[in-house]
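Here are my notes on this one, as promised. Have a look at the model first, then read on.

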Amino acid sequence: MRSARELVESQYAMLRQRDLARLPELYADDAFYSMPGLTVRPIELPALLRAWSGAFPDLRSELTGLVETAGGVVVEQRMTGTHTGALHTALGAVAPTGRAVSWDVVDVVRARHGLIASWRSYFDQGLLLTDLGWRPEPAADATLAA
């Protein structure tokens, strides 16, 4: 039976190799993956991560910390990439900017019976969008309060 750390290492290896179709095999049937603004089922995870790797084709990560517990693992990492494709977020789409960016991510992963039960990815989406130069469009009927 694989430990949480082994499962995380397997997922990261699949990401590096762009072998996204097999990601759901690492997850329990009732598992989920969440990140700022959305939560998906394992079957939806390859499409989500394809979107991110499409926005940042050179996306790479550097492990900066790891803590294991009896039922899971917490991973700190620094993500870097160049924004050359559209990035779709819960706040709207960001057209390619060509900017090289870096952001910190904390993944909290829980495992059960040798499979991922939950994967929560935490990062400051607002800071990432600011680094990309994205500014939200004001609502057409927005008025300033006096």
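Is arginine 78 buried, exposed or partly exposed, and at what relative accessibility? It counts as partly exposed, at 31%. Keep in mind throughout that this is a predicted model.

1. Starting with that arginine: arginine 78 forms a salt bridge with aspartate 104, and the closest N and O atoms are 2.9 Å apart. Aspartate 104 sits in strand S7 and arginine 78 in strand S4, so the pair ties together parts that lie 26 residues apart in sequence. Aspartate 104 is partly exposed, with a relative accessible area of 48%. Arginine 78 also turns up among the contacts of tryptophan 103, once neighbours within four places in sequence are set aside.

2. The overall layout. The protein chain has 3 helices and 8 strands, and from the N terminus on the elements read α-β-β-α-β-β-β-β-β-β-α. Along its principal axes the C-alpha trace spans about 60 × 30 × 25 Å. Of the 146 residues, 40% count as buried. Take the contacts between residues at least 6 apart in sequence: 56% of them join residues at least 24 apart.

3. The sheet. Six strands make an open sheet with mixed pairing, in the order S2-S1-S8-S7-S4-S3. S2 (38-40) and S3 (60-68) are the edge strands; each has a single partner strand, so one side of each has no neighbour in the sheet. Neighbouring strands are turned by 20° against each other on average, direction ignored. Look at S1 (residues 27-35) and S8 (residues 115-122) too: they run parallel, joined by 4 bridges, and tyrosine 27 has isoleucine 116 in S8 as its bridge partner.

4. The helices on the sheet. H1 (residues 4-16) lies across S1, S3, S4, S7 and S8, at about 15° to S4. H2 (residues 45-55) lies across S1, S2, S4 and S7, at about 35° to S1.

5. In soluble globular proteins, nonpolar side chains tend to be buried together. Here the largest nonpolar core has 36 residues, and those with the most contacts inside it are Tyr33, Trp52 and Trp103. H1, S1, H2, S4, S7, S8 and H3 (125-131) each supply at least two of its residues. Tryptophan 103 is worth a click: setting aside neighbours within four places in sequence, its contacts include Trp52, Phe56, Leu59, Phe123 and Leu128.

6. Glutamine 125 belongs to helix H3. With a relative accessible area of 11%, glutamine 125 is buried because that value falls under the 20% cut-off. Leaving out neighbours within four places in sequence, glutamine 125 is in contact with Pro36, Thr89 and Ala90.

7. The other salt bridges. A search of the whole structure finds 8. One of them joins glutamate 68 and arginine 5 (3.1 Å, N to O); glutamate 68 lies in S3 and arginine 5 in H1, so the pair links parts 63 residues apart in sequence. Glutamate 68 is partly exposed at 46% relative accessible area, and arginine 5 is partly exposed at 32%. Another pairs aspartate 30 with arginine 112, the closest N and O atoms being 2.6 Å apart. Aspartate 30 is in S1 and arginine 112 in S7, so this pair ties together parts 82 residues apart in sequence. Aspartate 30 is exposed at 57%, whereas arginine 112 counts as partly exposed at 34%.

Key. Residues are numbered from 1 along each chain as its sequence is written. This is a predicted model: local features need pLDDT of at least 70, side-chain atom pairs count only at pLDDT 80 or more; totals for chains, interfaces and linings use all residues. Side-chain values use heavy atoms; hydrogens and water are left out. Two strands pair if DSSP finds at least two bridges between them. Axes are lines fitted to C-alpha atoms, for helices over the stretch in contact, and angles run from 0 to 180 degrees between N-to-C directions. Contact means heavy atoms within 4.5 Å. A nonpolar core is a set of buried Ala, Val, Leu, Ile, Met, Phe, Trp, Tyr and Cys residues joined through side-chain atoms within 4.5 Å. Buried means under 20% relative accessible area, exposed over 50%, partly exposed in between (1.4 Å probe, protein chains only). A salt bridge is a side-chain nitrogen of Lys or Arg within 4 Å of a carboxyl oxygen of Asp or Glu.
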